[in-house]
Amino acid sequence: MRAIAEDAVFWSDEYRVRKRDGSYASVSDRGYIERDPAGRAMRVVGAMADVTARKRAEEHLRRTDRLDAVGRLAGGIAHDLNNMLMSILGSASFVVRRLPADSPEVSELQRLSLAANRSAKLTQQLLAFARRDMIQPQQLDVNTVVTEAVHLL
């Protein structure tokens, strides 16, 4: 035992032990070493406690904290991205109103608006994730989705 060799009076350590069934447990080991006047260990008094449940709870808390941080990050990114997309949509709408209806640029700006609207829907999904909202499934017309995607490509 390291604490005896180092002339320590108290020790505290945590480690894993393998149980008879082959599983592992986390153990907290603490104690006191009584020494004679020469400093030799005479008696060790201590206790061991199974802290496996506490370790699992701590790990679960760490995972939850990480997921919460990812949600906050996603929400911040989605909010900023949504603001930029609204600026793009507003500018495209303004330019379309100033162009003649038969101008070839109108169809390009409409495709730009379509892509920005689809991106805005994605940011709404990110915001829903960040707020932990329940996402409602929607029926989609696959032909429409594919046709719109072809114009984007």
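Mentor: **The salt bridges, pair by pair**

Let's begin with D36 and R40, whose side chains meet in a salt bridge at 3.0 Å, N to O. By salt bridge I mean a side-chain nitrogen of Lys or Arg within 4 Å of a carboxyl oxygen of Asp or Glu.

Before going on, a word on what you are viewing. This is a predicted model, in which local features need pLDDT of at least 70 and side-chain atom pairs count only at pLDDT 80 or more, while totals for chains, interfaces and linings use all residues. Residues are numbered from 1 along each chain as its sequence is written, and side-chain values use heavy atoms, with hydrogens and water left out. On pLDDT, the predictor's confidence in each residue from 0 to 100, the protein averages 85, and 91% of the residues score at least 70. Confidence is highest in strand β2 (residues 24-35), at a mean of 92, and lowest in helix α1 (residues 2-5), at 59. Helices (H or I, at least four residues) and strands (E, at least two) are DSSP runs, numbered from the N terminus. Where pLDDT is low, the predicted coordinates should not be read in detail.

Now back to the charged pairs; the structure holds 10 salt bridges. Another of them joins the side chains of E14 and R54, at 2.8 Å from N to O. E14 belongs to strand β1 (residues 10-18) and R54 to helix α2 (residues 52-98), so this pair ties together parts that are 40 residues apart in sequence. E14 counts as partly exposed, at 32% relative accessibility, and R54 is also partly exposed, at 36%.

Next, find E59 and R66, whose side chains form a salt bridge at 3.9 Å, N to O. E59 has 29% relative accessibility and counts as partly exposed; R66, at 47%, is partly exposed as well. Salt bridges with shared partners also link E14, R54, K55 and E58 into one network.

Terms used
Buried < 20%, exposed > 50% of the residue type's maximum accessible area, 1.4 Å probe, protein only.
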